[in-house]
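Hi,

Here's the structure I promised to send over.

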Amino acid sequence: MPPTMQYLPGSVNIPLTEFPPPSSVVDVDAAHEVKSVVDRLNGSLDDTSLTSTAGLFAKGGYWRDHLMLSWNFRTVQGPSRIAEFLQACSRSRDGFRLRRMAVDDGSPSRRPATAPLDGQGRVLGIQAFLSVETVRGKGDGLIRLAHEDGGWKIFTMYTSLRELRGHEEGTFHRRPLGVSHGGQPGRRNWADERSLAREYKDGTEPKVLILGAGQAGLTAAVRLKMVGINALIIDRNQRVGDNWRNRYHQLVLHDPVWYDHMPYLDFPPQWPVFTPKDKLADWFEAYAGIMELNVWMGTEPVKTSWDEGKRTWTIEVARRLVDDGSVVETRTLHPRHVIQATGHSGQKNQPAVPGAETFTGHRICHSSEFPGAREEQGQGLKAVVVGCCNSGHDIAQDFAERGYDVTMVQRSSTHVVSSRAVTEIALAGLFSEDGPPVDDADMLVHSMPNSMLKAIQVEVVKRQRENDKDLLRGLERAGFRTDDGPDGSGLFFKYFQRGGGYYIDVGASRLIADGKIKVRQAREVSEILPRGMRLSDGTELEADEIVFATGYQGMRSQTRQIFGHDAAEKVAHDVWGLNAEGEWRTMWQRSGHPGLWYHGGNMALCRYYSRLLALQIKGLDEGLYAYDED
């Protein structure tokens with residue numbers, strides 16, 4: 001049976017970039033060539049038609065912009081479309097006026113250098129970091145040059161806003177003093193001030209209410225704090241970090257530490273490569289305190305409404321003041337913005353299978369509710385896990401290690417890659433022990449149009465498959481179906497276009513290949529039986545425990561639950577996945593409902609896009625643009 005590829009509804013399967021032909025140029029002065037192109041680029045901006053600017057680009061060249069030239073996330077390709085984009089930006093309220101664009105060579109990883117455009121070395125190019133200024137603020141840029149028609153042309157240009165003029169982050173030379181010296185009878189100390197700020201007992205209110213205290217909520221809050229926006233995080237759990245702490249017992253992050261740093265505070269150098277869930281939960285709790293974030297745990301919204309005229313929310317929240325819920329405080333808040341930071345997934349996607357009420361085994365649940373295999377050895381017990389992505393594999397491995405007879409039900413093909421191949425091939429030299437600073441690594445990745453990143457990942461997957469060939473052959477012999485992701489682009493684009501559908505192997509694949517975890521193929525589970533299940537092909541499986549590792553609904557499912565159907569319908573598009581330009585749909589940008597924003601994803605995406613989200617909210621708050629302005 002051929003692999004079956006699934007995508008989120010409406011998410012575009014973007015095409016692969018076509019790279020320029022290989023160049024015979026070998027002796028290149030990268031710094032000289034970049035400066036020459038940047039000088040010509042700066043000089044071309046006086047041309048109101050911007051055709052001379054567009055003429056600096058290669059035939060298939062790109063300009064990717066995140067808030068620097070417009071208040072949108074855009075990727076445009078081709079000289080004519082780039083000219084049209086720049087012309088449209090020039091008609092905005094403050095105009096497209098680049099004050100300065102210069103090569104930024106302030107650190108070794110930022111210096112102009114030759115580099116393969118295609119990730120393989122067949123197409124040699126030049127890359128350089130840029131500093132960019134407009135009338136709006138300052139930002140970072142990254143330019144890649146390709147040799148075309150006898151000269152160096154711009155293959156990709158990336159511009160990304162980093163700070164708004166007059167509203168810079170309160171860091172380094174702008175850090176707070178921390179004390180006001182001199183005689184001040186009755187003054188409060190830091191702890192008193194923090195208590196007042198956190199509890200909002202002095203008549204103040206948060207401008208932004210953030211729902212969720214995981215990596216999304218924390219990164220949004222800290223970015224907003226740095227630009228002077230008062231934000232409050234609420235979460236129904238009892239402690240910061242419980243979104244990880246309460247998950248299944250054996251969970252360890254599959255991403256390495258270098259990929260997962262938080263804004264402004266990297267993990268310390270002795271931190272393990274792969275973070276156990278409880279260690280991460282404790283880090284989140286400490287991070288919230290160190291960064292002085294306002295957090296109300298044991299709190300959830302009970303009533304919400306949006307005033308279109310005032311552009312303000314009214315949100316009533318219930319807050320448990322005692323762990324057992326015996327004392328509940330009700331507060332009404334009036335934020336201008338709400339960030340739904342409940343994860344890029346929504347409510348659990350557990351199919352309603354007939355017969356579930358007849359099950360007489362030990363447990364039937366969704367993976368999000370699975371605490372771990374029973375402490376006693378599971379000899380003689382049978383477990384069935386429906387779903388074959390990261391959670392499904394981890395749970396099946398937990399059962400197998402406890403002595404259960406385990407079967408996984410696979411409904412569609414899975415992209416499988418070893419943890420070693422991810423760290424030593426996909427992320428090597430970028431997010432690694434000897435890689436550049438994480439902010440520079442982020443720029444190198446996000447400066448690529450996603451179609452370019454996708455094309456490079458196709459080559460990465462080829463190397464990973466060679467590395468993992470024995471593992472993949474073992475899975476094939478065991479009847480487990482694998483795929484290479486959209487157009488062969490692997491893990492990242494399974495995640496981008498579907499939100500799942502992959503497994504980073506940390507041991508379960510060997511158990512499958514060795515027959516210690518059995519695999520059954522079925523499109524669906526058609527019925528739950530008193531001691532098992534019946535699959536859509538009529539096969540019956542015995543089970544003492546059943547876990548549905550069947551993923552989650554989209555984020556709008558939680559929007560409907562929290563804010564109501566009408567609010568969810570105002571959201572312009574589905575949340576997550578890519579649009580026709582290869583940019584994200586709805587995440588980290590205006591959603592279509594004023595004052596409602598979505599933030600989520602893995603820790604690397606939350607780290608990067610949280611700043612862009614905060615800058616948009618700050619821009620609105622300062623009247624620098626209107627919600628419906630491009």
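R311 sits in the loop between strand 11 (299-307) and strand 12 (312-320). This is a predicted model, by the way. R311 isn't a glycine, yet its phi is positive, about 50 degrees. Most residues other than glycine have a negative phi, which is what made me stop there. With a relative accessibility of 34%, R311 counts as partly exposed.

Y264 is another one to click on: again not a glycine, and again with a positive phi, this time about 70 degrees. You'll find Y264 in the loop between helix 6 and helix 7. Its relative accessible area is 32%, so Y264 is partly exposed.

That brings us to helix 7, which runs over residues 277-290. Its 14 residues reach 20 Å from first C-alpha to last, close to the 20 Å expected at 1.5 Å a residue. Buried in helix 7 are K277, L280, A281, W283, F284, Y287 and A288. Looking down the axis of helix 7, these buried residues fall within an arc of 160 degrees, so they line one face of the helix. What do they pack against? The partners are helix 5 (215-226), helix 6 (242-245), strand 10 (294-297) and helix 17 (603-621). After helix 7 comes E292, with a positive phi near 55 degrees.

Helix 1 (residues 30-44) can be read in a similar way. It has 15 residues and spans 21 Å from its first C-alpha to its last, close to the expected 21 Å. The buried residues here are A30, V34, V37, V38, L41 and S44. They cover an arc of only 120 degrees around the axis, which puts them on the same side of helix 1. Their cover includes helix 2 (51-54), strand 3 (98-103) and strand 7 (151-164).

Now for the core. The largest nonpolar core has 169 residues, and I210, I339 and F399 have the most contacts inside it. Helix 17 gives the most to this core, with 12 residues. If you pick I339 and ignore neighbours within four places in sequence, its contacts include V208, I210, L224, W597, L613 and I617. Apart from this core lies another, of 14 residues, with V353, L535, I546 and F548 among them.

Two helix pairs are also worth a look. The axes of helix 10 (residues 438-446) and helix 17 come within 11 Å and cross at roughly 90 degrees, which makes helix 10 roughly perpendicular to helix 17. V438, D442, M443 and H446 of helix 10 make the contact with L605, R607, Y608 and Y609 of helix 17. In the other pair, the axes of helix 11 (residues 450-467) and helix 13 (residues 490-498) come within 8 Å and cross at roughly 140 degrees. Helix 11 and helix 13 are therefore oblique to each other. On the helix 11 side the contact is made by N450, L453, K454, Q457 and V461, and on the helix 13 side by G490, F492, F493, F496 and Q497.

Last one: Q410, in strand 17 (residues 405-410). Is Q410 buried or exposed? Its relative accessibility is 1%, so Q410 counts as buried. Leaving out residues up to four places away in sequence, Q410 touches C388, G479, F480, R481, V519, R520, Q521 and A522. Q410 and G392 are 18 residues apart in sequence, with 9.7 Å between their C-alpha atoms.

Cheers

Note on methods: Residues are numbered from 1 along each chain as its sequence is written. This is a predicted model: local features need pLDDT of at least 70, side-chain atom pairs count only at pLDDT 80 or more; totals for chains, interfaces and linings use all residues. Side-chain values use heavy atoms; hydrogens and water are left out. Helices (H or I, at least four residues) and strands (E, at least two) are DSSP runs, numbered from the N terminus. The expected span of a helix is 1.5 Å times one less than its number of residues. Buried means under 20% relative accessible area, exposed over 50%, partly exposed in between (1.4 Å probe, protein chains only). The arc is that of the directions from the helix axis to the C-beta atoms. Contact means heavy atoms within 4.5 Å. A nonpolar core is a set of buried Ala, Val, Leu, Ile, Met, Phe, Trp, Tyr and Cys residues joined through side-chain atoms within 4.5 Å. Axes are lines fitted to C-alpha atoms, for helices over the stretch in contact, and angles run from 0 to 180 degrees between N-to-C directions. Angles under 35 degrees count as roughly parallel, over 145 as roughly antiparallel, 65 to 115 as roughly perpendicular and the rest as oblique.
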